[in-house]
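Work through the exercises below with the sequence and the structure at hand. Each task is followed by its solution.

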Amino acid sequence: MPRLRTRKELMFRARQELANLALFARPPRLPDSVDQPPPLNLPRLPQHDSQPIADRLMQHRVPLLGMEIETGPEIDWRRDYVHGISTGLKYFRRIPYLDFNRAGDHKIVWELNRHQHLVVLAEAHQTDEIVAQLQSWFAANPFLQGINWTSALEVAFRVLSWAWVYSLAGPSMPEPFRRQFLNGIYQHGCYLQHNLSVYFSPNTHLLGEAVALHALGVLFPGFPKAGHWRALGGRVVRETMERQVRDDGSHFEQSSYYHVYALDFFRLHQALGGELPEQKLTRMAEYLAAVMGPRRSLPFLGDDDGGRLFHPYGDRSKFGRDTLGTASWPHASRLFPDAGLAVLVEDDLQIIADFGGFGEGSGGHSHSDTLSIVAFLGDEEILIDPGTYTYIAEPAMRDWFRGSAAHNTVRVDGMDQATPAGPFRWHDPPVCEAHSLFEGVCRYRGITHSRKLTLEDHRLTIEDRIDGPAGEHLVEQFWHPGQPLQQLSQRQFRIGSSSVLGIDPAFEIAMEEGWRSVALGQRGPSPYLRCHKRCAFPVSFRSVLNFKADGQVSDPV
């Protein structure tokens with residue numbers, strides 16, 4: 001059922017559309033009297049070797065999410081190069097960007113148009129190529145026309161890239177192009193001023209837009225309304241931190257990747273003079289450090305959209321390292337009660353148990369993974385979350401990757417813990433409680449699933465109990481290994497060099513063909529164990545993971 005809109009929201013949207021129509025009828029132009037800004041005081045980008053990427057970019061081979069596209073000599077900026085679909089030049093509100101058959105995968109189009117690759121070219125001093133691509137972009141994307149104006153967050157990403165490009169390459173740009181470029185930046189600011197996602201997507205969308213608007217006000221103080229942009233953006237960023245960041249430091253999307261996303265935005269805002277409560281920033285960093293663990297590697301819990309505030313290239317599991325910086329973080333077992341996330345640490349062993357519910361609102365970036373666990377031993381991935389892979393391009397794959405069967409949890413009667421309703425919505429989400437660092441419960445559709453963990457001397461015991469309606473039910477338990485499985489006996493499997501998983505004798509066991517995605521748009525085969533039986537409730541069963549079997553088969557379950 002569609003959400004009912006309040007009178008306040010309707011009035012806001014009406015004013016927003018009237019402002020857009022006025023901008024469309026008379027596109028804003030930077031007054032000639034505005035002097036070119038002094039050198040921009042942007043924070044330094046993290047250190048990385050840009051040259052290999054720049055060499056490919058000069059050949060119009062662009063790393064994009066989990067793939068690389070070749071555009072040819074002329075870039076079609078409104079094209080989904082993977083699926084071969086381009087969109088035309090209509091007023092941006094008339095572009096059906098969520099309709100895959102008509103617009104392709106908008107994520108692929110938008111990622112190219114974030115222009116983060118131009119920052120790499122600027123670092124490599126390729127100003128001529130930057131100017132050529134931007135001239136092409138301006139010609140193909142008139143103000144408020146086409147798919148690249150349909151998302152305010154994408155406008156925000158692009159203009160932040162342009163700010164870095166101007167900082168690095170602006171002085172070497174020829175006139176009058178430099179003036180055209182500044183006018184483009186100004187138009188992006190005018191767009192953001194009137195199109196903040198206050199009601200449409202008041203999550204990381206609104207945060208990124210507000211950070212960009214404030215940044216423009218700070219970096220380009222001579223622009224008309226720069227003071228208003230700075231004040232409006234700063235106020236919205238503060239409000240989003242208050243609403244989106246919980247007391248334990250977790251971000252309300254219930255996604256580890258979006259947590260990095262949000263923390264990067266907040267830190268950029270702070271670096272540009274934005275006032276934020278330091279305690280919340282510290283707690284966000286503590287949460288991220290705990291999730292990344294001793295390996296300093298990010299498990300992809302919930303959605304991973306493949307994007308990043310800066311330099312979205314390389315191993316995405318390492319992106320959080322720049323976010324945390326070089327500080328030394330102690331690693332100890334800890335429960336984050338608002339997220340319902342338990343992090344168990346024993347020497348070089350890290351286990352993360354998700355006892356929390358779905359994210360805020362419709363839970364659009366949450367997965368049906370409640371009571372799931374992931375585990376790492378040193379540099380070895382023992383139990384994994386398979387990732388995200390796609391948002392809209394393949395609906396069946398979208399539902400598989402975010403479904404219960406793709407996580408190390410339990411499913412009843414073949415149904416997820418909530419009902420998927422399109423790519424970014426769940427109906428009837430579960431009610432979840434983290435009772436302690438070692439125990440949680442999940443209730444949905446009359447089912448009560450509780451899971452208790454016991455960790456002692458690198459041996460994890462997982463005890464599940466399910467209660468619910470009368471009659472016979474199909475119960476399935478799933479295990480997704482990060483390393484190839486070796487079957488040691490009927491019910492015991494080695495994972496990696498020494499970890500052994502023992503399955504409850506009540507289950508039948510099948511090896512299923514699954515998938516893993518380490519970046520959006522990319523997937524590979526990843527077999528998993530499906531343990532299943534039909535039974536009446538209540539029912540209890542136990543599994544054991546011995547992480548240091550040292551060549552010996554683990555104790556029987």
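Buried means under 20% relative accessible area, exposed over 50%, and partly exposed in between, for a 1.4 Å probe and protein chains only. The model is predicted: local features need pLDDT of at least 70, side-chain atom pairs count only at pLDDT 80 or more, and totals for chains, interfaces and linings use all residues. Residues are numbered from 1 along each chain as its sequence is written, and side-chain values use heavy atoms, with hydrogens and water left out.

**Exercise 1.** Determine whether Thr150 is buried or exposed, and list its contacts.

Solution. Start with the location: Thr150 sits in the loop between helix 6 (127–140) and helix 7; helices (H or I, at least four residues) and strands (E, at least two) are DSSP runs, numbered from the N terminus. Next, Thr150 is buried because its relative accessibility is 10%. Its side chain reaches the backbone oxygen of Ile147 at 2.6 Å. Finally, neighbours within four places in sequence aside, Thr150 is in contact (heavy atoms within 4.5 Å) with Phe92, Ile95, Tyr97, Trp110 and Tyr191.

**Exercise 2.** Classify Arg523 by its accessible area and find what it contacts.

Solution. Arg523 belongs to strand 23 (residues 522–525). Its relative accessible area is 33%, so Arg523 is partly exposed. Neighbours within four places in sequence aside, the contacts of Arg523 include Tyr389, Glu394, Met397 and Trp515. Gly66 is 457 residues from Arg523 in sequence, yet their C-alpha atoms are 8.6 Å apart.

Technical notes: A polar contact is a pair of N or O atoms within 3.5 Å; within protein, one must be able to donate a hydrogen and the other to accept it, and residues adjacent in sequence count only if both atoms are side-chain atoms.
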